[in-house]
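Please read them with the structure open beside you.

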Amino acid sequence: MLAHPTLDQMNALGLAGMATAYCELIEQAHGNDLSFDERLGLMLDREIAVRTDRRLTNRLATARLRFANASIEDIDFGSHRGLDRGTSCPWRKAHG
């Protein structure tokens, strides 16, 4: 089987993730130990991951977030804000 035409076809169809996974499977020695279904599954998983990452990247760029790299771990809970823990969450009394 010729790998180059297969890669060209994958790229022409917009399956860059599958093409990358295909190349990696060809290069790996134990890639031949996998069944057809396992190889196809790995390639499909990679394509889905690439598309999901691309979609997220595009949405983040479109959102133009003020703090694009902000994360929940960066919150400084030590700062005094004058909030009473008992009244800061109104649903806590009803559900707690």
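Predicted model: local features only at pLDDT ≥ 70, side-chain atom pairs only at ≥ 80, totals over all residues.

1. In helix H1, which spans residues 3-12, the side turned inward is made up of Thr6, Leu7 and Met10, which are buried. Viewed down the axis of H1, these buried residues fall within an arc of 100°, so they line one face of the helix. On the other side of H1, His4, Gln9 and Ala12 are exposed.

2. As to what the buried residues of H1 meet, they pack against H2 and H3. After H1 comes glycine 14, which has a positive phi, near 80°.

3. Helix H2 (residues 16-27) packs with helix H3 (residues 36-63) at an angle of about 140°, and their axes lie 7 Å apart. Because angles over 145 degrees would count as roughly antiparallel and 65 to 115 as roughly perpendicular, this angle makes H2 oblique to H3. The crossing in which H2 passes H3 is right-handed.

4. On the H2 side, the contact is made by Ala16, Gly17, Met18, Thr20, Ala21, Tyr22, Glu24 and Leu25, while H3 contributes Arg39, Leu40, Leu42, Met43, Leu44, Arg46, Glu47 and Val50. Sorted by class, the contact of H2 with H3 holds ten nonpolar, two polar and four charged residues.

Notes:
Residues numbered from 1 in each chain as written. Heavy atoms only, no water. Axes fitted to C-alpha atoms, helices over the stretch in contact; angles between N-to-C directions. Helix = DSSP H or I, 4+ residues; strand = E, 2+ residues; numbered from the N terminus. Parallel < 35°, antiparallel > 145°, perpendicular 65-115°, else oblique. Left-handed = near helix turned anticlockwise from the far one by under 90°. Contact = heavy atoms within 4.5 Å. Nonpolar A, V, L, I, M, F, W, Y, C, P; charged D, E, K, R; others polar. Buried < 20%, exposed > 50% of the residue type's maximum accessible area, 1.4 Å probe, protein only. Arc of directions from axis to C-beta.
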